[in-house]
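Biologist: Please take one part of this model and go through it closely. I would like its geometry, its surroundings and its links to the rest of the chain in one connected account.

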Amino acid sequence: MKGLMNTQLGAVVIDPEVIARYAGSVAVECFGIVGMAMVSMKDGLVKLVLGDNLTRGVNVMIHDNRITLNFHVIVSYGVSISAVADNLISNVKYKVEEFTGMSIEKINIFVEGVRVID
């Protein structure tokens with residue numbers, strides 16, 4: 001479902017792909033996040049996703065102009081996962097709500113792997 005906002009001049013429709021791309025770019029800027037993860041259902045393998053493919057690690061669901069985000073992330077080795085998750089949630093919630101004008105209902109974070117950073 002797409003996000004819909006009615007204004008005095010007409011309707012604004014936001015595609016979930018746009019929200020996923022923006023949320024993914026915000027997420028990889030957060031401390032402790034190495035990148036987004038793409039899980040292959042066929043092989044059960046996890047791939048690190050960077051660049052233009054960030055939307056593959058983010059799932060966006062919109063219901064009644066309330067957004068639910070699912071992030072599949074790879075975190076940096078040695079950092080507190082709860083601190084990274086708290087940072088990710090607060091940054092994404094603030095920035096996506098400002099960007100879209102819609103409220104965030106829920107943010108789920110799935111840590112798919114840990115990677116050592118040089």
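Modeller: Helix α2 has 20 residues, and from its first C-alpha to its last it reaches 27 Å, close to the 28 Å expected at 1.5 Å a residue. The model is predicted, and what follows is read from its atoms.

The burial pattern comes next. Val84, Ala85, Leu88, Val92, Val96 and Thr100 are the buried residues of α2. They lie on the same side of α2, because the arc they cover around the axis is only 90 degrees. An α-helix has 3.6 residues a turn, so residues three or four places apart point the same way. The other side of α2 carries Asp86, Tyr94 and Glu98, which are exposed.

Searching the whole structure gives 1 aromatic pair. Its members are tyrosine 22 and phenylalanine 99, which are stacked, with 4.0 Å from centre to centre and 10 degrees between the planes. This pair links distant parts of the chain: tyrosine 22 belongs to helix α1 (residues 16-28) and phenylalanine 99 to α2 (residues 81-100), 77 residues apart.

Together with β6 and β7, α2 makes a right-handed β-α-β unit. Within it, β6 and strand β7 (residues 103-115) pair in the parallel sense over 11 bridges. One of the partners is known by residue: serine 76 is bridged to arginine 115 in β7. After α2 comes glycine 101, with a positive phi near 80 degrees.

Strand β6 (residues 66-76) is mostly covered, with 9 of its 11 residues buried. Strand β5 (residues 58-63) pairs with β6 too, here in the antiparallel sense and over 6 bridges. Methionine 61 has threonine 68 of β6 as its bridge partner. The two strands form a hairpin with 2 residues between them, and aspartate 64 in that turn has a positive phi of about 55 degrees.

Methionine 5 and methionine 102 are 97 residues apart in sequence, yet their C-alpha atoms are 8.4 Å apart in space.

β1 and strand β2 (residues 10-14) run antiparallel and are joined by 5 bridges. Glycine 3 is bridged to isoleucine 14 in β2. These strands form a hairpin with 2 residues between them.

Technical notes
Residues numbered from 1 in each chain as written. Predicted model: local features only at pLDDT ≥ 70, side-chain atom pairs only at ≥ 80, totals over all residues. Heavy atoms only, no water. Phe/Tyr/Trp six-rings, centres within 6.5 Å; stacked < 30°, edge-to-face > 60°. Helix = DSSP H or I, 4+ residues; strand = E, 2+ residues; numbered from the N terminus. Expected span 1.5 Å × (residues − 1). Buried < 20%, exposed > 50% of the residue type's maximum accessible area, 1.4 Å probe, protein only. Arc of directions from axis to C-beta. Pairing = 2+ DSSP bridges. Right-handed = clockwise from strand over helix to strand, strands pointing away.
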